[in-house]
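Hello,

Here is the structure we talked about. Please open it and keep it beside this email as you read.

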Amino acid sequence: MFITVVAVLCRLGAAASGSCVEEIVTDSNMTPEMSMMACAVGAQAPLAKWMDEHPIYHANWRLDRYKCVPGHYEIKGHA
């Protein structure tokens, strides 16, 4: 099954709605051993590493939540 990992990231200190965005972090094409269970249970550490290395989201952003989505995912804009 094809799985997409989607992170919902919010600006630190921003209380206004619309301060959160969705980003596709990876999918099972890039991480072939990923299953829905592996995503749900073990995505926190890889997401923290991804945020730390990302040129935009490594500072002044927090991971609000993430989701493991079956199939391809279309970003809907602001979360």
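Predicted model: local features only at pLDDT ≥ 70, side-chain atom pairs only at ≥ 80, totals over all residues.

Disulfides come first. A search of the whole structure finds two. One joins C10 to C20, with an S to S distance of 1.8 Å. C10 sits in strand β1 and C20 in strand β2, so this link ties together parts ten residues apart in sequence. It is right-handed, at 105° about the S-S bond. C10 is buried at 1% relative accessibility. C20 is buried too, at 15%.

The other disulfide is formed by C39 and C68, with sulfur atoms 1.9 Å apart. C39 lies in helix α1 and C68 in strand β3, so the pair ties together parts 29 residues apart in sequence. This link is left-handed, with -85° about the S-S bond. Both C39 and C68 are buried. Count the bonded cysteines in sequence order and the pairing reads 1-2, 3-4.

Now look at E22 in strand β2. Is E22 buried or exposed? Its relative accessible area is 7%, and the cut-off for buried is under 20%, so E22 counts as buried. Which side chains does E22 contact? K67 makes a polar contact of 2.9 Å with the E22 side chain. Y73 makes one of 2.8 Å.

Last, the largest pocket. Its volume is about 260 Å³. Its lining has 15 residues, and T26, T31, M34, A43 and P46 lie nearest the centre. By class, nine are nonpolar, three polar and three charged. Helix α2 gives the most to this lining, with five residues.

Best wishes

Conventions: Residues numbered from 1 in each chain as written. Heavy atoms only, no water. 1 Å grid on protein atoms, 1.4 Å probe; cavity = no way out; pocket = protein on both sides within 12 Å on 5 of 7 lines; lining within 4 Å. Points joined across faces, edges and corners; volume = space filled by probe spheres on them. Helix = DSSP H or I, 4+ residues; strand = E, 2+ residues; numbered from the N terminus. Nonpolar A, V, L, I, M, F, W, Y, C, P; charged D, E, K, R; others polar. Buried < 20%, exposed > 50% of the residue type's maximum accessible area, 1.4 Å probe, protein only. Polar contact = N/O pair within 3.5 Å; in protein donor to acceptor, adjacent residues only side chain to side chain. Disulfide = S-S within 2.5 Å.
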